[in-house]
Structure formats: structure tokens, C-alpha cells
Amino acid sequence: MEDMPPGFRFYPTEEELVSFYLHHKLEMENEDLNRLMDRVIPTVNIYEFNPWDLPQFSKYLCHEDSEQWFFFIPRQKSEARGGRPRRLTTTGYWKATGSPGCVYSSNNRPIGVKRTMVFYNGRAPNGRKTEWKMNEYKAIEEAASSNGATSTLRHEFSLCRVYKKSKCVRSFDRRPPAAAHQAQATVEAAASQYQSPQMAAERTMSSPESSSSGVQGNQSQTGESSNSSATVVNYDEFFWNLDAFWDSMK
């Protein structure tokens with residue numbers, strides 16, 4: 001990781017996670033490739049650890065990442081016997097939220113199933129919800145997904161993305177929440193004040209002051225109205241809110 005330039009991240013799509021990484025982990029056909037993948041996504045039974053302890057197990061490309069970590073999870077013994085997975089840790093438990101969703105390939109073929117979970121401190125049903133979340137991915141048998149038969153999941157390994165819910169407006173915005181909200185207000189104020197020269201001229205011509213002042217009338221006729229040049233926009237402020245910027249340009 002030390003050899004990578006600033007800003008470099010392991011940031012795969014869901015299709016890449018399932019169709020490449022999880023697929024090759026399940027097939028175990030290429031030992032060299034699997035050794036390489038283990039350097040990127042380690043195999044860890046994450047349910048033996050609390051989520052805040054998991055980043056230390058991440059490898060190379062994800063080790064210094066402060067937002068998300070990827071792991072292969074081996075099938076538990078209870079699952080192998082047809083039971084449910086045990087998702088308890090020493091201080092809490094993972095709880096599934098919402099309904100499972102499909103992961104699709106670029107040609108709209110279902111290749112996997114995604115389930116989102118939230119970590120709770122304590123024991124059910126009195127656990128306290130935390131900011132730690134996880135996406136768990138399981139692959140679909142290729143034969144089933146290609147011929148339209150009933151989908152069969154592969155359970156030998158699953159792949160998970162563990163992350164902590166960000167408090168920032170955008171994940172790349174490293175400012176604390178208070179500063180982010182203040183910057184948002186500044187941008188909105190700047191956007192509301194921005195106006196094109198044509199709009200400024202029309203406003204000047206229609207204002208009572210322009211009709212009653214000969215000096216201002218002369219300025220508007222010569223294109224030197226003070227109102228049309230008084231507003232100075234700092235375009236750097238629009239960087240944090242591109243939507244407001246484009247709206248102001250309409």
C-alpha cells in the first residue's frame with residue numbers, strides 16, 4: 001500500500017465482487033489467482049470478531065482504507081448441517097434488514113444475492129443499533145442462472161463488505177458534519193445570489209430606483225450598471241454542491 005499514490009482505492013463493483021472474486025474463490029481452479037486474491041480479500045470468519053476489530057485483518061489494498069473492508073466468509077458448520085448461520089459476536093450480533101436483492105451482470109443476468117445487515121450491541125431483542133453495516137454476497141449456480149431454472153445459491157463461501165455508515169454528506173468529504181452543513185448553506189446562498197448579466201439588466205431597468213435616477217438610467221443604457229457587476233461568485237464554493245451550481249447556471 002505504501003507504493004500506491006494518494007487516493008488509490010480498491011473499489012470494485014458488485015458485479016466484479018460476485019462474478020470475479022467470489023466465483024474464482026468458489027471454483028478454486030487457479031491456485032496462483034487464489035493466492036493473489038487472498039492478498040486483497042482475506043478469508044475470515046467475521047462472526048468471531050466485533051466489527052471494529054475487523055479492519056486489522058484487511059490486506060494490502062484495503063488495509064489503510066477507513067471506509068470499507070472486504071472478506072471471504074467460510075461456511076459455518078451449522079450451515080453445512082442445514083441450519084442457520086450464527087451471527088453472534090462477543091458484544092453483539094448482526095441482524096438482517098430489508099429483503100435480499102439480486103446482483104446482476106452487465107447483460108442483466110442474475111449472478112448473486114445481496115443481503116444487508118446492521119450490527120447491534122447487546123443481545124436481542126434489546127440490542128442497540130450501531131453505525132456498522134455489512135453487505136453479504138452469495139453466488140448463484142451458473143447453470144441455474146443461464147437456463148432460467150430455479151436459482152441455487154453457493155454456500156461454500158460468501159463475500160462481505162463491512163463498512164461504517166458515514167456522517168458526511170459525501171464519502172469523499174472529510175470535513176466534520178457541522179462544517180459540511182455550514183458549507184452547504186454557503187453554497188445555497190451563493191447560488192441564490194448568482195444571476196446572469198441579462199437578468200441583472202432587466203432587474204435594474206424594472207426597479208423604482210432606476211426609473212427615478214438619471215445617473216443610474218445612463219449606467220444601464222451604457223451597459224455599466226453596478227448591479228450587473230456587483231455580484232462576485234466564488235466558483236470554488238460550488239465544488240461541494242454541483243447540483244446547486246448547475247441549477248444556478250440554468
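Mentor: Start with a term. Helices (H or I, at least four residues) and strands (E, at least two) are DSSP runs, numbered from the N terminus. Now the ground rules. This model is predicted, so local features need pLDDT of at least 70, side-chain atom pairs count only at pLDDT 80 or more, and totals for chains, interfaces and linings use all residues. Residues are numbered from 1 along each chain as its sequence is written, and side-chain values use heavy atoms, with hydrogens and water left out.

Our part is helix H1, residues 14-27. Look just past its end. There Met 28 has a positive phi of about 55 degrees.

Next, check its length. The expected span of a helix is 1.5 Å times one less than its number of residues. H1 has 14 residues, so it should span 20 Å; its end C-alpha atoms lie 18 Å apart, which agrees.

Which residues of H1 are buried? Buried means under 20% relative accessible area, with a 1.4 Å probe and protein chains only. Leu 17, Val 18, Tyr 21, Leu 22, Lys 25 and Leu 26 pass that test. Keep a general rule in mind. An α-helix has 3.6 residues a turn, so residues three or four places apart point the same way.

What covers those buried residues? Helix H2 is part of the cover, and so are strands S1, S2, S3, S4 and S5. Cover is judged by contact, meaning heavy atoms within 4.5 Å.

Now step inside. A nonpolar core is a set of buried Ala, Val, Leu, Ile, Met, Phe, Trp, Tyr and Cys residues joined through side-chain atoms within 4.5 Å. The largest one here has 18 residues. Tyr 21, Leu 22, Ile 41, Phe 72 and Leu 159 have the most contacts inside it. Two or more residues come from each of H1, H2 (31-38), S1 (68-74), S4 (128-139) and S5 (157-164). H1 gives the most, with five residues.

Phe 72 shows how these pieces meet. Neighbours within four places in sequence are set aside. Phe 72 then contacts Tyr 21, Leu 22 and Lys 25, among others. Its partners also include Ile 41, Pro 42, Thr 43 and Val 44. Phe 157, Ser 158 and Leu 159 touch Phe 72 too.

There is also a second, separate core, of 14 residues. Ile 46, Trp 69, Met 117 and Cys 160 are among its members.

Notes:
Buried < 20%, exposed > 50% of the residue type's maximum accessible area, 1.4 Å probe, protein only.
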